[in-house]
2 protein chains.
Amino acid sequence: MAVYTEVTDEALRAFLADYPLGALRAFRGIAEGVENSNYALKTEAGDFILTLYERRVDPRELPWFLALMEHLAARGIDCPLPVKARDGQALRSLAGRPAAICTFLPGVWPRRVRPEHCAPLGAALARLHLAGADFDEVRPNGLGPASWGPLLERCRPGGDAVQPGLVAELDAALAAIRAAWPAEGVLPTGQIHADLFPDNVFFLDAEGGPRVSGLIDFYFACTDLLAYDIAVCLNAWCFEPDGSYNVTKAHALLSAYQKLRPLSAAERAALPVLCRGAAIRFLLTRLYDWTATPAGALVTRKDPLEYLRKLRFFAHATGAASLGA
Amino acid sequence: MAVYTEVTDEALRAFLADYPLGALRAFRGIAEGVENSNYALKTEAGDFILTLYERRVDPRELPWFLALMEHLAARGIDCPLPVKARDGQALRSLAGRPAAICTFLPGVWPRRVRPEHCAPLGAALARLHLAGADFDEVRPNGLGPASWGPLLERCRPGGDAVQPGLVAELDAALAAIRAAWPAEGVLPTGQIHADLFPDNVFFLDAEGGPRVSGLIDFYFACTDLLAYDIAVCLNAWCFEPDGSYNVTKAHALLSAYQKLRPLSAAERAALPVLCRGAAIRFLLTRLYDWTATPAGALVTRKDPLEYLRKLRFFAHATGAASLGA
C-alpha cells in the first residue's frame, strides 16, 4: 500500500501546469514504497514519478534529500533527478502535502536476490559514496546508534509479547554494540543511502549479467560511516530465506565495492559490529512498528524477528573475512 | 493494495521470452484494482499491464473476459487488448497464477467526478453496449438478482453489528426489488461491464472537455440487462460525497447514452428498480466483505452503508424522469 493521499485530477492538472512537461498522459498509483505516496506519471515529455511526502518525512529535510539526488545525478549516479518547476523549485505542494516530480528510472528490483546482483550492487554503492564525497551539507543519521537506546525504550512495554526474553536480549546486544562501536573520527564518513534494500535497486539485463539501472528512495540518506552503508547491504542482500548467510553474495558485494573504494584496515575490523548495528537498527524500527501499529492498519508490518536472527549471526562473526571481505 | 503475488525477475523474464515484446525495461506494482495483482510493464515494444488473476476470479471464466476485450477493442472500444504470446494464447501462467498481458491505456481516472465527465461516460457506455451486440457467448451475471438472496443470508449473522436493524431493512428492500424486477425478455440484454466505477474509466483532456481514453477491469462483465449497466453507473457516478443525488450528472450521462442508444419505454420505466438493484448488489458485496474480512487483512474495506443511503434514495424515486432520464 503506497498511496496514502489521493490527488484529484483538477489538482494534478493545476500542479502540472507549473512544470514544462507538456500535457498529462497517464497517472497511476504505485504499489511499492511504504513511507510516501508514489504515482507513475506520464506526460508528453515522458515518464516520471510523482511523490507526495507523508507524515513520516520531516518537510524541513526534503531540500537536503532533493539536493543530494541532484548532486548524485549530476555525477552520473542513476538516481531520481528532481524536476524543477518553472519557478526553479523542485519541492512544491500538492493535495496538502510536500510533493516533487522526479525522473523515472528503468529496471526491475530483484524479488529474489542472486549472487550476480551483488557485484553490481557493491560497485553502485561505492560509486554512490564517491559521488557524494563533495556534497558538503551534513544530515545526521536520525536512526543511527544514538537513536537505538530510545527506540528500545519505546519497545520495552510490548517487546516481550513478540518473543519472550526479547527485550533483555536486545539490552545486552545494544550494550555490546555500543562498547565495540568505532570511536568518532576513526572511520571515514560521507553521504550514505542507509536503506539500500533490494526494492530500492533496479536492474536491467546486460551483456554478462544484470547491471544496476537505478537507485531510489533516498529518504533515509544521511551523513554517517560509509562502511555502515555496506553493513546495511550485507543485512539486506546476503541472507537466504532460511536465515543462512550467503558468503558468496557478500564476497561479490564487498569485492566489487573495494575495486572502486578499498576499505581501510579500521573499516574491515569494524565490519562485524557495523553489521550488528545495522541489524539492531532494522530490528528496532520493525519492532516499534509491530508493537505500535494497530492490527487493522493498512500497513504491511515486517517481521522484526528476521533481524534478531541476523543480529545473532553477526554477533558470532569472527572478523571481516568471515563475512566475505 | 493490489499486488498480492510477487513475481521473481527470473520468472518474469522466462514469461516474457514467450512474447514478441522485446527486452524488459521496467516493472512496477500498481496500487489500483482490488481483485487481482497488476503490474505496469515496460518493454522495448512499449507500455503494457501484466495482470495475475487472484483467487476471486474463476480461471475457467478468463477466456470469456479476454475474448470480450478482444472483440470490443477490434470494434474501436478503448479497452485493454490482450496480447498474444508466440503460441497465439493470451491467457498464460506466471508465479502459479493465470496471467495475461494487455495493452496500456492512457488517461487518468477521476478522483472527483465532475458533470463534464458524465456525458463522455454515458456515450462510452452506449458504444460499449453497441459494440458487444455481436459477441454471442453468454456469461450469466454471478452477482445478479439471483445471488442477492444467498448473499444476504451470508450477511445475516454479522449484518446488524454494522448497523442495528440493517438485515430487516435489507430483507424488505430485497423483497420489494424482486417484486418490481422486470420479467425475463422484457428489457434488452447484452454484454455489460457491470462494474463501471470511476476508477475503471480513464479520461484525457481534449478540446471541449474530458474525453474517455480507456475502460478497464472487465472481470465482472457479463450478459445481463443493458439498462442495469446504466443503473450501476448512476449509483457510482451521480452521488455527491454528502449523499445527495446530482441530477445534472445523471442527466448528462443518460442524454449522451441515449443519443447513441435510446432507451425503450420499458427500460425507462424499469430504471428506478434497476438502480435499487444495483445499490443492493454493491451494498451486499461490501457488507459481506466487511463482515467476513479479518480486521487485520490488507484489504481496504469499503463502507457498505454508503450504498444503504443510495438504496433508500432510489426506493423513493418516482420515475426515470426524477433520476435524470
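Tutor: Contact here means heavy atoms within 4.5 Å. Keep in mind that this is a predicted model.

Student: How many residues of chain A and chain B take part in the contact?

Tutor: Chain A gives 41 residues and chain B gives 41 residues.

Student: How is buried area read, and how much do chain A and chain B bury between them?

Tutor: Buried area is accessible area that two parts lose on being put together, summed over both. For chain A and chain B the figure is about 3500 Å², with 52% of it on carbon and sulfur atoms.

Student: What is the count of salt bridges between chain A and chain B?

Tutor: A salt bridge needs a side-chain nitrogen of Lys or Arg within 4 Å of a carboxyl oxygen of Asp or Glu. Between chain A and chain B there are 10 salt bridges. One of them joins R114(B) to E10(A), at 3.7 Å from N to O.

Student: How many residue pairs are in polar contact across the interface?

Tutor: The rule finds 18 residue pairs, both residues at pLDDT 80 or more.

Student: Which elements of chain A each supply at least two residues of the side that touches chain B?

Tutor: They are α1 (9-16), β1 (24-29), β2 (37-43) and β7 (201-206). The largest share, six residues, comes from β1(A). By type, the residues of this side of chain A divide into 22 nonpolar, six polar and 13 charged.

Student: Where is R13(A) placed, and what does its side chain make a polar contact with?

Tutor: R13(A) sits in helix α1 of chain A. Its side chain makes a polar contact with the side chain of D205(B), at 2.2 Å. Neighbours within four places in sequence aside, R13(A) is in contact with L24(A), F203(B) and D205(B).

Terms used: Residues numbered from 1 in each chain as written. Chains lettered and ligands numbered in written order. Predicted model: local features only at pLDDT ≥ 70, side-chain atom pairs only at ≥ 80, totals over all residues. Heavy atoms only, no water. Buried area = accessible area lost by both parts, 1.4 Å probe. Polar contact = N/O pair within 3.5 Å; in protein donor to acceptor, adjacent residues only side chain to side chain. Helix = DSSP H or I, 4+ residues; strand = E, 2+ residues; numbered from the N terminus. Nonpolar A, V, L, I, M, F, W, Y, C, P; charged D, E, K, R; others polar.
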